[in-house]
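Dear colleague,

I am handing over the structure below, and after it I set out what was found. Please read the notes with the model open beside them.

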Amino acid sequence: MSTDAPAAPAQTTPPPVAKKSRKPAGTLYRGREGMWSWVAHRITGVLTFFFLFAHVLDTALVRVSPESYDKVIDTYKNPFVNLMEIGLVGAVLFHALNGLRIIAIDFWSKGPRLQRQMLWTIVTVWVVVMVPGAFFMFKHSFELIFGSK
Amino acid sequence: MSMHSPIPPVIEAPRSAPGRPRRSRTNTELYAWLFMRISGVILVVLVLGHLFIMNILDGGVQRINWAFVAGRWASPFWQVWDLLMLWLAMIHGTNGLRTIINDYTRKDGTRVALKGLLYTATTITIALGTLVIFTFDPTLN
């Protein structure tokens with residue numbers, strides 16, 4: 001067998017080297033806003049899902065008797081539970097807004113590039129909705145605690 | 001002017017835990033991924049509308065009692081709203097928790113047990129909620 005087979009073409013041009021960047025490619029979900037919004041999405045999702053089980057059960061009492069339903073629903077009107085409801089609404093609202101951001105990242109061509117700006121946009125929307133939302137949700141409890149009702 | 005990097009990004013395949021089958025002959029995960037997005041958009045309207053009506057509008061939770069629910073479920077519109085919300089939210093949440101179980105369980109036994117518990121709880125809750133919406137009697141009072 002001949003050994004003078006044509007040699008493989010010498011590599012004259014070096015393989016392209018990525019320009020030295022502090023931020024490697026594919027870091028949408030690694031660190032900073034991308035990662036922490038993902039963590040918050042999981043936590044708010046699990047929280048909402050566990051509440052959903054309890055909520056279907058308490059609503060099922062409408063089938064038992066008006067008295068038993070009203071008794072359990074009165075729990076929701078307690079000022080301390082009312083605070084937790086505001087927390088739940090805040091969690092659901094974040095999950096909803098961030099879910100829309102995820103859809104934009106997945107389906108909109110500019111989505112991955114604008115993911116950080118979109119996060120701060122939804123955080124702003126969240127604050128703008130939650131401030132009056134929390135006010136109206138807690139209004140009755142506030143009046144109850146400070147005695148004007 | 002293009003903002004795109006000239007180098008295609010190299011991203012490691014997610015959820016590639018050792019010892020777990022990575023290839024499947026079906027597109028189940030693709031459909032689950034798509035379902036999360038479609039149901040998510042619908043749930044944004046259904047759930048945020050529900051929260052606004054029940055917690056903020058017109059006195060919020062303070063005005064809710066059995067008669068309030070009876071008045072709402074006398075209308076097929078709110079029955080369909082709540083039924084759709086129940087099914088979509090339960091399946092959306094179950095699939096979310098399924099993903100989380102797949103991500104964090106290390107033993108096959110733990111994974112199977114947690115998923116079994118999850119699917120049992122989901123089936124019972126959807127069945128109970130559906131039964132309540134369909135068999136509710138607004139004249140019970």
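Val89(A) has its place in helix α3 of chain A, where helices (H or I, at least four residues) are DSSP runs numbered from the N terminus. This is a predicted model, in which local features need pLDDT of at least 70 and side-chain atom pairs count only at pLDDT 80 or more, while totals for chains, interfaces and linings use all residues. Residues are numbered from 1 along each chain as its sequence is written, chains are lettered from A and ligands numbered from 1 in the order in which they are written, and side-chain values use heavy atoms, with hydrogens and water left out.

With a relative accessible area of 11%, Val89(A) is buried (buried means under 20% relative accessible area, exposed over 50%, and partly exposed in between, with a 1.4 Å probe and protein chains only). Leaving aside its neighbours within four places in sequence, Val89(A) is in contact with Met130(A), Met137(A), Leu51(B) and Asn55(B), contact being heavy atoms within 4.5 Å. The C-alpha atoms of Val89(A) and Arg101(A), which are 12 residues apart along the chain, are separated by 18 Å.

**The interface of chains A and B**

Between the two chains, 41 residues of chain A are in contact with 46 residues of chain B. The area buried between chain A and chain B is about 3,500 Å², and carbon and sulfur atoms give 75% of it; buried area is the accessible area (1.4 Å probe) that two parts lose on being put together, summed over both. Of the area that chain A buries against chain B, 16% is supplied by Arg42(A), Phe49(A) and Val62(A), more than by any other three residues.

Across this interface the rule finds 9 residue pairs in polar contact, with both residues at pLDDT 80 or more. A polar contact is a pair of N or O atoms within 3.5 Å; within protein, one must be able to donate a hydrogen and the other to accept it, and residues adjacent in sequence count only if both atoms are side-chain atoms. On the side of chain A that touches chain B, the elements giving two or more residues are α1 (32–60), α2 (66–76), α3 (79–107) and α4 (115–145) of chain A, and the largest share, 12 residues, comes from α1(A). By class, that side of chain A has 27 nonpolar, 7 polar and 7 charged residues, where Ala, Val, Leu, Ile, Met, Phe, Trp, Tyr, Cys and Pro count as nonpolar, Asp, Glu, Lys and Arg as charged, and the others, Gly among them, as polar.

**Salt bridges**

The structure holds 9 salt bridges over all chains, and the count between chain A and chain B is 2; a salt bridge is a side-chain nitrogen of Lys or Arg within 4 Å of a carboxyl oxygen of Asp or Glu. Arg37(B) forms a salt bridge with Asp106(A), their closest N and O atoms being 2.7 Å apart, and this pair crosses between chains, from helix α1 of chain B to helix α3 of chain A. Arg37(B) is buried at a relative accessible area of 16%, whereas Asp106(A) counts as partly exposed at 32% relative accessibility.

Within chain B, the side chains of Arg98(B) and Glu29(B) meet in a salt bridge (2.9 Å, N to O). Arg98(B) lies in helix α3 and Glu29(B) in helix α1 of chain B, so the pair ties together parts that are 69 residues apart in sequence.

**Helix α4 of chain B**

Helix α4 of chain B (residues 108–135) has 28 residues and reaches 40 Å from its first C-alpha to its last, close to the expected 40 Å, the expected span being 1.5 Å times one less than the number of residues. Its buried residues include Leu118(B), Ile126(B) and Val132(B), and what covers the buried residues of α4(B) includes α1 of chain A together with α2 and α3 (76–104) of chain B.

Arg111(B) forms a salt bridge with Asp108(B), with 2.7 Å between the closest N and O atoms. These two residues are 3 apart in helix α4 of chain B and therefore separated by about one helical turn. Arg111(B) is buried at 13% relative accessible area, while Asp108(B) is exposed at 53%.

**A backbone angle to check**

Most residues other than glycine have a negative phi. Asp58(B), although not a glycine, has a positive phi of about 55°. Asp58(B) is found in the loop between α1 (28–56) and α2 (66–73) of chain B, and counts as exposed at 63% relative accessibility.

With best wishes
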